[in-house]
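Me: I am new to this structure and would like to go through it in short questions. Please show it before we start.

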Amino acid sequence: MNAIAGTPPTPWMKVYAELGIRADAPAVPEHSLADYIESHARAHGSCTAIEYLGVSISYAALDRLANQLANGLAGLGVGKGDVIGVHLPNTPQYLITLVAAAKLGAALSGVSPLLTPAEVIHQVNDAGIKVLVSLDQLYNAAIVPTAGQVPGLRAVLVTGPLDFLPGWKRWLAYTLKKLPRVDVQPMSGVQTVDFRQLLEQAPVTRVYTPLGYDDTIYIQYTGGTTGKPKGAELTLRSMFSNARQGEVFAPYTHGTDTLASAFPYFHMAGLSLALLALQTASRLLVIPDPRNVELFCKQMQKFPPSVLANVPTLYQMLMESPEFRRIDFSRLRMALSGAAPFPSELIHQLEGIIGQGKLCEVYGMTEASPMLTMNPPGRAKVGTVGIPIPGTDIRIVDAETGDREMPPGEPGEIIARGPQIMKGYLNLPEASAKTLREFDGHVWLYTGDVAKMDDEGYLTICDRSKDMLIVGGYKVFSVEVEGKLAELDCIELSAVIGQPDEKRPGNDIVNLFVQLKPDARQRDQEQLRAEILAFCRDNMAAYKVPKHIHFLEALPLTPVGKLDKKALRR
């Protein structure tokens with residue numbers, strides 16, 4: 001049986017047959033997240049949906065809170081087709097907003113807490129965000145400065161990280177100064193609303209809006225070669241198909257699983273994992289700070305996970321903690337890893353703790369909702385990202401032309417098609433047409449990633465997307481950074497190059513190569529470095545800021561006049 005009708009036999013079909021699974025995409029009911037949560041509130045109402053800093057929120061309570069928030073948002077003018085932005089770390093408020101958006105038929109766009117005001121302005125305006133939910137610890141510095149530059153933004157709901165803790169715990173945390181009190185500043189032209197008060201004052205009346213398969217439910221931003229981040233339009237069909245596709249390899253038992261992950265919800269991987277947990281009535285361990293390994297381990301000790309998912313860097317941090325070895329992993333079915341390469345020797349070390357054969361590397365991207373391939377549990381090949389998930393067809397084509405399929409074992413660009421592929425980039429028809437292209441009579445997603453496929457269909461990533469770096473699990477697109485640096489009067493030409501971080505395998509160190517303008521070449525280089533670094537810190541997320549700045553008399557160019565980054569890497 002073929003993955004998609006009309007495709008020739010593919011090598012991974014033998015693995016499918018061995019595993020006894022169907023190759024076609026599983027059927028997906030036309031249900032939104034609101035449908036799933038309402039169903040769980042009836043069938044698994046007392047089951048825990050969210051575990052957060054010692055607070056448990058049941059599915060019945062989650063449904064009630066989402067109705068209250070949906071009613072409050074409706075009072076602010078939010079309805080079907082509008083866009084809600086969420087500018088939060090992992091908190092219950094993020095998940096409640098996810099469900100409330102589904103109840104209203106609104107789309108949701110995750111706004112990274114790491115963005116600068118300039119970057120927030122771009123996303124709010126580009127996505128057409130009508131109401132934004134922000135953390136008080138971030139609001140004054142990142143949101144207030146956008147006043148007057150976000151004409152479509154009507155209101156900001158401000159919430160605190162402890163809003164769902166008992167009153168005495170909040171009082172104690174502030175009294176002992178474990179968390180600073182925030183004096184929320186007014187924002188000119190935009191209504192500022194207290195999230196908790198809005199919930200308390202809103203009715204619990206059911207809110208429900210039907211959604212169709214092709215309705216856009218998430219607008220997730222991703223970098224690209226055009227410089228500015230682009231909003232991938234993800235639909236009810238693409239998101240929920242992807243969840244069902246992944247479940248074929250790793251079935252869930254409704255109401256019994258516990259998912260432990262520190263992937264941020266504003267990242268596509270974190271969003272998809274949270275949705276999977278909520279769809280399957282699982283317990284979701286909400287980890288607000290992934291670097292707080294001690295808290296993460298304590299949560300897992302109290303609630304042993306059946307599914308674990310993190311970036312390789314965090315697995316490495318966990319393995320360095322003695323508390324990680326004290327967790328009961330007897331219920332753990334699989335540990336997922338993605339967003340960056342995972343060195344084989346570290347995989348073997350991890351499996352020495354969690355159990356052999358449990359680590360499954362996956363591959364995907366925002367534009368694919370996000371998963372394209374997965375190592376089947378018990379049939380994983382270390383060093384590969386697995387085989388295409390059911391209903392997905394993948395080809396390896398010539399990386400230069402994109403129109404010639406490569407033979408097995410030969411590297412080329414990954415292209416993919418299936419029900420999980422995005423609708424396109426929001427308001428960017430040219431960029432969409434460049435990424436969603438016709439090949440062999442069908443429209444395919446051109447990923448820009450280079451890989452090779454073995455005779456069983458397992459993919460090995462050879463290189464990341466052109467000029468893309470991975471820093472702490474986050475993507476850094478060099479053209480975006482270079483485009484911003486072009487605003488500096490002293491820079492004539494710049495190039496961002498990644499250098500492997502030996503202390504954090506799978507991560508890069510951001511190096512900036514600079515060719516100065518003639519009138520700046522006589523200036524003190526240390527003063528210039530300080531000026532460039534200050535500009536970067538003010539205008540881009542911290543993980544994009546260069547660690548090393550190198551000044552060259554002239555940057556190398558290719559024969560056609562492009563920056564020769566291969567020469568710089570050498």
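Me: How many residues of strand S5 (residues 129-135) are buried?
Reply: The model is a predicted one. In it, strand S5 is largely enclosed by the rest of the structure. The number of its residues that are buried is seven of the seven.

Me: How many bridges join strand S3 (residues 83-87) to S5, and do the two run parallel or antiparallel?
Reply: Val86 has its bridge partner in S5, namely Val133. Strands S3 and S5 run parallel, and the bridges that join them number five.

Me: In S6, which residue is the bridge partner of Val133?
Reply: Strand S5 is also joined to strand S6 (residues 155-159), by five bridges, and these strands run parallel. Within S6, the partner of Val133 is Leu157.

Me: Which strands stand at the edges of the open sheet of nine strands?
Reply: The order of this sheet is S2-S1-S11-S10-S12-S13-S14-S15-S16, with mixed pairing. Each edge strand has a single partner strand, so one side of each is left without a neighbour in the sheet. The edge strands are S2 (55-58) and S16 (387-388).

Me: Which residue in S12 does Ser261 stand opposite?
Reply: Strand S10 (residues 258-261) pairs with strand S12 (residues 307-310) in the parallel sense, over three bridges. The residue opposite Ser261 in S12 is Ala309.

Me: What angle does the direction of helix H12 make with that of S12?
Reply: Helix H12 (residues 312-319) packs on the sheet. There H12 touches S12, strand S13 (334-337) and strand S14 (359-364). The angle between the directions of H12 and S12 is about 115°.

Me: Are helices H9 and H10 roughly parallel or roughly perpendicular?
Reply: Helix H9 (residues 236-249) packs with helix H10 (residues 268-279), their axes 10 Å apart and at an angle of about 75°. Angles of 65 to 115 degrees count as roughly perpendicular. That makes H9, relative to H10, roughly perpendicular.

Me: How do the residues of the contact of H9 with H10 divide into nonpolar, polar and charged?
Reply: From H9, the contact involves Met239, Phe240, Ala243, Arg244 and Glu247. These meet Met268, Leu271, Leu275, Leu276 and Gln279 in H10. The division is seven nonpolar, one polar and two charged.

Me: Is Ala281 buried or exposed?
Reply: Ala281 lies in the loop between H10 and strand S11 (283-286). Its phi is near 55°, a positive value in a residue other than glycine. With a relative accessibility of 2%, Ala281 counts as buried.

Me: What is the relative accessibility of Asp440?
Reply: Asp440 also has a phi near 55°, positive in a residue other than glycine. The loop that holds Asp440 is between strand S20 (436-439) and strand S21 (442-453). Asp440 counts as partly exposed, and its relative accessibility is 48%.

Me: What is omega of the cis peptide bond that joins Ser369 and Pro370?
Reply: Pro370 is in the loop between S14 and strand S15 (371-374). The bond joining Ser369 and Pro370 is cis, with an omega of about -5°.

Me: How far from Cys536 is the nearest cysteine sulfur?
Reply: A search of the whole structure finds zero disulfides. Cys536 is in none, and the nearest cysteine sulfur is that of Cys490, at 10 Å.

Me: What is the relative accessible area of Cys536?
Reply: Cys360 is buried, with a relative accessible area of 0%. Cys536 is buried, and its relative accessible area is 0%.

Methods: Residues numbered from 1 in each chain as written. Predicted model: local features only at pLDDT ≥ 70, side-chain atom pairs only at ≥ 80, totals over all residues. Heavy atoms only, no water. Axes fitted to C-alpha atoms, helices over the stretch in contact; angles between N-to-C directions. Helix = DSSP H or I, 4+ residues; strand = E, 2+ residues; numbered from the N terminus. Parallel < 35°, antiparallel > 145°, perpendicular 65-115°, else oblique. Contact = heavy atoms within 4.5 Å. Nonpolar A, V, L, I, M, F, W, Y, C, P; charged D, E, K, R; others polar. Pairing = 2+ DSSP bridges. Disulfide = S-S within 2.5 Å. Buried < 20%, exposed > 50% of the residue type's maximum accessible area, 1.4 Å probe, protein only.
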